[in-house]
Amino acid sequence: MDIQAGDIFINNTSNIAGNLTGAGTLIWNNGTSQGTLNVGAGSTVEISGGTHTLVNGITYNGLGNVVWDTSTISLGGFDLTFNTPTMITGGTSSANGTGNIIHTNASGTSVIDASEINLNSVTFENAAGAILIADTPLVADEIFIDQDLIGGSTFRNLGTITKTGLGELEFFSGAVLTFDNSGVLDVQAGQVFVDNTSILNGS
């Protein structure tokens, strides 16, 4: 698919495959999806809006960007894998459904900015070798990793998380969210709070 400019919206069932090229944006607004998509340099996939349901695994590859912005992902026991530079941004986003969100990109350009992520019976894994920037530029900015609905969730770092900016990164839950740092947590500025179960085997 070639989107030279502008946007294409997907609002229902889709099977993603092949290559995305051009300077435009493919927006998955809601509905169901599965497959593997190679996102070319300069192209963007945006997961935003409503509820997005996996009916099989989804993998994003390539040099282009994938943006997860203020929406709900229902994994249904499947895996969502980001091999691309990835941005998690906006307001509150949620992931539900006993699956895994796996970030594997090692470019150093994947960013979580000031936002809230709710993991409900989900594992979010920053894989070995992957680099994820947690950026909160202002003192009042916060990245809030939480769990609202279902117990047994984990945020696992096997790669490198680099904390930048004056604000804070907080892992919190009134339920059972586990922060498992077996990789590198590099705090360059600001603060990191872990208010729940933790496994701290890394550095």
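Reader: What should I know before reading any values?

Author: The model is predicted, so local features need pLDDT of at least 70 and side-chain atom pairs count only at pLDDT 80 or more, while totals for chains, interfaces and linings use all residues. Residues are numbered from 1 along each chain as its sequence is written, and side-chain values use heavy atoms, with hydrogens and water left out.

Reader: How many helices and strands does the protein have?

Author: Helices (H or I, at least four residues) and strands (E, at least two) are DSSP runs, numbered from the N terminus. Here there are 0 helices and 25 strands. The radius of gyration, taken over C-alpha atoms, is compared with a globule rule of 2.2 Å times the number of residues to the power 0.38. The protein has 16 Å, close to the 17 Å the rule gives for 203 residues, so it is as compact as a globular protein of that length. Its C-alpha trace spans about 45 × 30 × 30 Å along the principal axes.

Reader: What percentage of the residues count as buried?

Author: Buried means under 20% relative accessible area, exposed over 50%, and partly exposed in between (1.4 Å probe, protein chains only). Of the 203 residues, 48% are buried.

Reader: Which residues touch the most other members of the largest nonpolar core?

Author: In soluble globular proteins, nonpolar side chains tend to be buried together. A nonpolar core is a set of buried Ala, Val, Leu, Ile, Met, Phe, Trp, Tyr and Cys residues joined through side-chain atoms within 4.5 Å. The largest one has 37 residues, and Tyr60, Leu80, Leu119, Ile145 and Phe155 touch the most other members. Strand 7 (residues 51-61) gives the most to this core, with 3 residues.

Reader: Is serine 115 buried or exposed?

Author: Serine 115 counts as buried because its relative accessibility is 7%. It lies in the loop between strand 14 (111-112) and strand 15 (116-120). A contact means heavy atoms within 4.5 Å. Not counting residues up to four places away in sequence, serine 115 touches Ile88, Thr89, Gly90, Gly91, Glu142, Ile143 and Phe144.

Reader: Where is asparagine 19 found, and what does it touch?

Author: Asparagine 19 is in strand 3 (residues 19-20), and at 46% relative accessibility it counts as partly exposed. Leaving out residues up to four places away in sequence, asparagine 19 touches Met1, Leu37 and Asn38.

Reader: With which side chain does the side chain of asparagine 19 make a polar contact?

Author: A polar contact is a pair of N or O atoms within 3.5 Å; within protein, one must be able to donate a hydrogen and the other to accept it, and residues adjacent in sequence count only if both atoms are side-chain atoms. The partner is the side chain of asparagine 38, at 3.2 Å.
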